[in-house]
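Please keep the viewer open as you read.

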Amino acid sequence: MAKRKLTSSDRLLVRAMIVLFAVVFGLFGYDLVRGLVNVQLVHGREYAAKAENGQLRDTEVAASRGSIYDTNMTPIAQSTTAGKVYINPNSFSKIPNKEALLQELCDQLAPILGITSEKVRSQASHTENNYMVLKGQVELETMQLVNAFRNRECILEVVPGGKPRTKGGQPLLDADGNLRKGDDNDKFSTYANFIGVDPDVKRYYPLKSFAANLLGFTGAEDVGLAGLEKYYNKELTGTPGRIVTAKNAADSNLNIQYESIYDPIPGNSLVLTIDEVIQRYLERSLQQAQIDANAKAAYGIIMDVKTGAILAMSCAPSYDPGNYEAIADEATKAKIAAIADPAEREAARKNAMMAQWRNGTIELTYEPGSVFKTITVAAALEEGVVDMSERYTCTGSITIAGRTISCHNRSGHGNQSLTQGLMNSCNPFMINIGQKMGVERFYKYFTAFGFTEPTGIDLLNEFSPTTGINIHAQSRMGLVELASCSFGQSFEASPIQILSAVSAIANGGKLMQPYVVAKVLDEAGRVISETQPTVRRQVVSGETAKLVCGMMEQVVSNGTGKNGYVAGGRVAGKTGTSQKLSAGKGYVASFCSFAPADAPEVAMLIAIDEPVGLINGGQIAAPPSAEIMENVLVYKNIELRYTEKEQEELGGSAPDMSDLTIAAAKQSLTGQGYSVRVIGDGEQVLHQIPEPGQSISKGGLVILYTEGSDTSKTVTVPDLTKISISEANKTAANAGLNIKLTGNFQSSSLVTYRQSIAPGEKVPPGTAITVHFVSNNGIIDR
Amino acid sequence: MPTQAATRNHAHLKEQPERQLLRHKVLAYGGFDFPFMLIVTVLLCLGLVMMFSASYVYAIRHHNGDAYYFIKRQLIFAVLGFAAMLLISKLNLNLLRKLAIPVLMVAFLLLVVVLFYHTDIRGFRRWIPLFGWTIQPSEIAKVALILFFAFAMEKYQRPLYNRHAKDNRGFLRRFFAQWGCTLLYMGILLAMVVLIFLENHVSGTIITLAIGALLIFIGEQRIPLWCYLLIAGVAVGAVLLVFHNPDILPEHAAKRIMAFKDPASDPSGSNWQSTQSLLAVGSGGWFGQGFGNSIQKHLYLPEPMNDFVFAIVCEELGFLGAFCIVLLFIALVWRGFMIALHTKERFGTLLVIGIVLQIGLQTALNIGVVTAVLPNTGIPLPFFSYGGTALLILLAEMGIVLAVSRVSREIKK
């Protein structure tokens with residue numbers, strides 16, 4: 001070599017180089033390849049994932065669930081802030097004094113949260129976890145108690161020896177004045193060391209049981225479990241946010257730079273087609289009707305005829321979705337409590353719980369009975385099988401294919417026009433029409449009116465008819481089946497199916513798809529989607545529909561439906577009383593109506609399931625229906641057009657008697673047919689009830705006040721139920737009160753059905769009490 | 001040869017000749033090796049920064065919220081050490097030669113003292129408490145060994161016995177003339193290793209043994225290569241024996257070997273540190289979590305500023321960062337060898353080789369432990385791990401290398 005730089009001796013050089021290369025390539029190479037490359041590059045992700053597992057605390061922040069509003073934006077279901085109480089079993093398990101502390105948690109925290117000791121113990125036993133929820137959806141008042149508890153002192157470790165803890169010679173007391181436990185050797189901390197709280201949301205139903213069966217409810221995790229809450233769960237549920245925090249091995253959070261926050265996205269809100277006011281009318285009357293009829297249940301739906309929007313939907317008895325596990329119906333509750341065997345009792349309770357959650361208006365079925373006759377008539381008219389001049393003589397029964405089917409009127413309705421047949425709800429007439437149509441044409445309309453399919457309402461568990469079980473297959477429908485179907489027996493339909501079919505007649509033959517959600521709003525209240533009314537199909541022509549509407553109006557004014565009459569409301573309807581043939585017992589009394597008959601706006605179905613005593617639709621379903629319909633018509637500003645006779649019965653407005661002398665006023669009022677009562681002994685009229693312009697019934701009572709009269713004087717409301725219209729008038733006048741007539745007050749054999757102010761209440765003299773009359777004549781259709 | 005040093009010395013010509021003589025006896029002249037100095041400085045700075053990053057969470061937790069607890073102490077020693085390094089780099093090698101035997105004696109004294117007078121930490125007898133600080137005799141022993149071996153191997157470089165000359169001395173005398181030095185080195189090494197082992201200090205034992213053996217291999221050329229191969233074979237056999245029968249080691253060392261053999265055996269116990277270290281290293285990936293962003297230092301990895309500081313380095317700087325640091329260490333070793341091999345004086349050559357070998361071995365073993373390819377032996381990482389005396393001694397050693405580099409007939413052009 002030309003240039004030798006190195007100076008060391010050759011042997012040393014060789015050996016040093018051996019060592020150098022051994023160290024560099026052997027040791028460092030081994031480290032780099034087997035160590036760094038392998039750990040960091042080849043298995044890096046695995047180790048990183050493992051590390052994160054131990055390092056990160058991923059807390060979910062519940063997104064607030066969307067609200068549910070009625071059509072006027074009145075909140076029906078809302079989510080509010082609540083708390084989630086959790087335990088950190090991992091750090092808890094490392095506390096030496098954990099046994100004693102666990103007992104304290106069971107004794108003190110469990111009652112605050114309303115959970116069992118077992119729950120506390122089982123959650124605390126998951127020592128591999130850092131986060132076990134003791135109770136979610138804890139209300140804010142409870143959270144205050146929980147926080148107070150968390151801040152209390154506890155002993156982490158008992159160290160033997162030590163003096164009792166004192167402060168300035170005085171024994172140390174806690175906030176409650178109790179002697180503090182432990183001695184000064186012990187290790188103290190607070191429960192906050194292992195009990196934590198996180199934000200949570202809780203569902204509130206401010207209107208309690210309002211539309212409960214429609215709404216459904218949410219469970220512990222804020223997940224919709226029934227009804228709309230379940231059907232629209234995805235829409236209502238937001239995207240939960242996350243707080244990912246790195247924690248150190250001692251399990252406290254690191255500083256903020258290790259924290260990533262993903263904000264929760266609140267869920268969308270629903271605006272329903274339900275109108276709070278109409279729903280309340282429905283619920284109030286329906287509940288009363290169910291109780292009055294001693295019925296198992298009652299179902300009611302009110303629908304906007306033109307759009308298919310559901311205005312109200314109710315079941316009675318109902319429940320409180322805020323407390324959905326409690327049996328709301330007192331009678332059922334008492335029945336369950338009376339069961340001796342605990343297992344049976346629990347089973348009965350569970351059954352009753354499931355039953356009260358069910359939305360019978362769409363889930364349950366019954367044989368529609370006479371209400372279906374409107375469909376038969378409409379179909380026959382549309383097909384031209386019959387026309388308005390059709391007549392039929394009912395002898396009380398009809399024989400089809402060797403089978404005799406009797407009419408509800410065994411002596412027969414005699415010779416009737418088509419309209420009369422419907423008014424009488426005559427079975428043989430309908431069978432006759434059905435036979436004339438034949439199976440094929442009948443089935444066409446049976447299908448067209450939607451009895452073979454669900455309506456497609458945006459609700460869960462809607463009844464979907466199964467051929468062979470709920471309905472006859474066309475191929476299996478013989479003349480006998482046709483006969484029973486033509487008056488609404490031997491097949492099943494849900495209330496919503498029946499209502500939408502009848503509404504099609506009211507809507508000029510257009511079958512609408514019913515719906516309950518009008519709009520979906522995002523969290524800022526912007527409209528995301530709006531439901532457009534869907535016409536399912538034109539079932540019958542507008543002319544046919546109009547004819548049937550007219551006939552149905554006759555049913556209400558003079559036929560079996562006369563108790564569904566609303567003065568000036570032009571209600572059209574059809575009663576139904578069907579035997580529950582499939583169930584083998586009981587009846588369903590129903591009344592399906594719409595108003596006004598010439599330009600229908602709202603349609604309503606009231607069905608009373610298994611009534612006891614009175615069972616006819618005209619008896620028990622029509623009166624509440626009239627009550628509701630009148631309220632709805634007034635509320636919806638649909639003009640009530642009274643006939644002259646009605647106008648007369650209803651009376652006019654009270655004349656102005658002010659500034660007249662008592663004598664002159666008396667003379668004037670008596671002359672107009674009013675009765676007069678004078679209170680006080682003065683000469684001059686100072687004040688009158690009803691006040692000038694207020695409505696007063698024919699022959700009503702006018703109270704005249706003079707000087708020295710005591711205006712604070714009250715009278716007691718008498719019991720006006722179950723008496724005739726003249727008796728009611730007399731009783732009211734005797735008591736010094738006026739009455740206002742509603743219901744079918746022009747028919748014969750009237751009795752009062754309900755009065756607006758309960759007997760025994762104190763009211764000022766002259767107050768008008770609204771008295772609802774029903775007729776007992778010619779309303780039987782079974 | 002008119003060196004730079006000589007030219008510079010003109011300034012002192014007016015001084016008294018005796019003083020001049022003294023100066024030349026004590027001080028070295030000529031520039032030191034700048035690249036080596038640069039590598040040392042970079043490693044020192046990186047080490048301090050990373051040690052701080054790794055330690056502050058632990059410091060906050062265990063030292064009353066004082067995040068700077070460790071770095072303050074380490075900085076003091078770093079500054080002292082750096083000054084010592086510069087000072088020592090100015091020393092004449094003759095002075096170091098004179099120090100070799102006294103230092104060795106002091107080292108042995110301390111090694112004996114520590115067995116009877118030591119701090120009471122987990123059954124280890126490694127540290128002598130002194131004025132609030134601690135001295136680790138094994139650290140001093142390593143330097144002393146290197147110094148002595150370099151000194152002796154230079155002085156007794158030539159065989160005392162010329163086998164080609166006719167000699168009629170007795171066998172024993174011939175034997176000692178031939179093998180005396182070798183046996184002396186081995187004896188001293190063995191004594192030192194046994195003493196360190198008695199301290200309950202396996203890692204120190206391994207390092208000392210390795211350095212001693214390698215120095216004998218390089219410097220004691222009377223023994224033919226095959227002997228070393230035999231010894232190496234025996235050593236490998238011993239390692240395998242220990243690996244398969246860890247019971248013969250002190251308990252804490254046995255545990256670590258068992259944990260290394262079967263990591264699943266006790267992940268929360270003796271293997272906890274290794275497990276957490278692996279998680280940290282693995283989390284680093286290619287580019288790391290970013291400086292200061294280690295999460296494993298948040299009390300997962302116990303005492304992250306000590307032997308496992310490199311795990312945090314890997315986690316924060318990733319493979320690339322860790323690789324660069326490994327390269328720096330390799331560069332340090334390489335440059336050290338280059339300095340050594342260019343030195344005319346055998347003493348300097350062996351001294352530097354010993355010192356950089358020590359650093360290289362410690363580094364390689366430490367990284368092996370951190371990445372769990374070697375059993376957990378408890379070897380600190382030079383420049384990075386917390387430890388005042390160790391850093392001070394390390395920098396003093398760097399000073400020695402620099403002192404040698406002044407007389408190395410350099411790589412400087």
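Pro765(A) counts as partly exposed because it has 18 C-beta neighbours inside 10 Å; here a residue with 20 or more other C-beta atoms within 10 Å of its own is buried, one with 12 or fewer is exposed, and partly exposed lies in between, with C-beta atoms placed from the backbone. Before going on, note that this is a predicted model, in which local features need pLDDT of at least 70 and side-chain atom pairs count only at pLDDT 80 or more, while totals for chains, interfaces and linings use all residues. Residues are numbered from 1 along each chain as its sequence is written, and chains are lettered from A and ligands numbered from 1 in the order in which they are written.

You will find Pro765(A) in the loop between strand S34 (762–763) and S35 of chain A. Helices (H or I, at least four residues) and strands (E, at least two) are DSSP runs, numbered from the N terminus. Leaving aside neighbours within four places in sequence, the contacts of Pro765(A) include Ile679(A), Ile703(A), Val715(A) and Gly736(A); a contact requires C-beta atoms, placed from the backbone, within 7 Å. The C-alpha atom of Pro765(A) is separated by 9.9 Å from that of Ala733(A), 32 residues apart along the chain.

Follow the chain into S35(A), residues 768–775, which pairs with S32(A) in the parallel sense over six bridges; strands count as paired if DSSP finds at least two bridges between them.

Elsewhere in chain A, look at strand S25(A), residues 602–609. Eight of its eight residues are buried, so S25(A) is largely enclosed by the rest of the structure. In a regular strand the side chains alternate between the two faces of the sheet. In S25(A), Val602(A), Met604(A), Ile606(A) and Ile608(A) point one way, and Ala603(A), Leu605(A), Ala607(A) and Asp609(A) the other. S25(A) runs antiparallel to strand S13 (residues 297–304) of chain A, joined by eight bridges, and also pairs in the antiparallel sense with S24(A), residues 587–595, over eight bridges. Asp609(A) is the bridge partner of Ala297(A) and of Val588(A). S24(A) and S25(A) form a hairpin with six residues between them.

Finally, turn to chain B, which has 14 helices and two strands. Of its 413 residues, 49% are buried. Where chain B touches chain A, the contact takes 42 residues from chain B and 39 residues from chain A. On the chain B side, H12(B) gives the most, with 11 residues.

Definitions and conventions:
Contact = placed C-beta atoms within 7 Å.
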